[in-house]
Amino acid sequence: MHESAPMGLEEALNRMELLGHDFFLFIEAGPERPAVVYRRRGWDYGVIALDENGAVDEAEVKPEEVA
């Protein structure tokens with residue numbers, strides 16, 4: 001088991017890139033919910049998060065939106 005403090009999307013993307021992985025599971029700061037960022041084709045990223053009822057919230061993230 002790996003414990004981690006809640007973090008923002010930018011930090012999660014940075015950690016994913018540092019590790020050289022195509023996805024990174026983290027606890028999203030603010031709503032403190034489980035989320036995963038992942039690399040999409042090209043230079044886009046996606047983020048999937050679960051709400052308190054387990055419903056999925058998915059979005060596309062452009063690199064310029066994060067920096």
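In the predicted model, Ile27 has Pro34 of β2 as its bridge partner. The strands concerned, β1 and β2, run antiparallel and are joined by six bridges. They form a hairpin with four residues between the strands, in which Gly30 adopts a positive phi near 95°. A positive phi also occurs at Glu32, at about 45°, although this residue is not a glycine. Glu32 is located in the loop between β1 (23-28) and β2 (33-39). With a relative accessible area of 56%, Glu32 lies above the 50% cut-off and is therefore exposed.

The pairing continues from β2 to β3 (residues 45-50), again in the antiparallel sense, over five bridges. Within this pair, Tyr38 is placed opposite Gly46 of β3. The hairpin of β2 and β3 has five residues between the strands, and Gly42 in its turn shows a positive phi of about 80°. Strand β3 also pairs with β4 (residues 56-61), antiparallel and over six bridges. Here Gly46 faces Glu60 of β4.

The largest nonpolar core consists of twelve residues: Met7, Ala12, Leu13, Met16, Phe24, Phe26, Ala35, Val37, Tyr45, Val47, Ala49 and Val61. At least two residues of this core come from each of α1 (9-19), β1, β2 and β3. In a regular strand the side chains alternate between the two faces of the sheet. Met16, one of the core residues, touches His21, Asp22, Phe23, Phe24, Val37, Tyr38, Arg39 and Tyr45 when residues up to four places away in sequence are not counted. Among these contacts, Phe24, Val37 and Tyr45 are themselves members of the core.

Side chains of opposite charge can pair when their charged atoms come close. The model contains four salt bridges. One of them connects Arg39 and Glu17, whose closest N and O atoms are 2.7 Å apart. Arg39 belongs to strand β2 and Glu17 to helix α1, so this pair ties together parts separated by 22 residues in sequence. Both partners are partly exposed, Arg39 at 29% relative accessibility and Glu17 at 35%.

Arg39 forms a further salt bridge with Asp22, with the closest N and O atoms 3.2 Å apart. Asp22 lies in the loop between α1 and β1, so its pairing with Arg39 in β2 ties together parts that are 17 residues apart in sequence. Glu17, Asp22 and Arg39 are accordingly linked in a network of salt bridges. Asp22 and Arg39 are also among the residues touched by Met16.

Another salt bridge joins Arg33 to Glu28, and the closest N and O atoms are 2.7 Å apart. Glu28 lies in strand β1, and its side chain makes a polar contact of 2.7 Å with the side chain of Arg33. Leaving aside neighbours within four places in sequence, Glu28 is in contact with Pro6, Met7, Arg33, Ala35 and Ala49. Of these contacts, Met7, Ala35 and Ala49 belong to the largest nonpolar core.

Methods: Residues are numbered from 1 along each chain as its sequence is written. This is a predicted model: local features need pLDDT of at least 70, side-chain atom pairs count only at pLDDT 80 or more; totals for chains, interfaces and linings use all residues. Side-chain values use heavy atoms; hydrogens and water are left out. Buried means under 20% relative accessible area, exposed over 50%, partly exposed in between (1.4 Å probe, protein chains only). Two strands pair if DSSP finds at least two bridges between them. A nonpolar core is a set of buried Ala, Val, Leu, Ile, Met, Phe, Trp, Tyr and Cys residues joined through side-chain atoms within 4.5 Å. Contact means heavy atoms within 4.5 Å. A polar contact is a pair of N or O atoms within 3.5 Å; within protein, one must be able to donate a hydrogen and the other to accept it, and residues adjacent in sequence count only if both atoms are side-chain atoms. A salt bridge is a side-chain nitrogen of Lys or Arg within 4 Å of a carboxyl oxygen of Asp or Glu.
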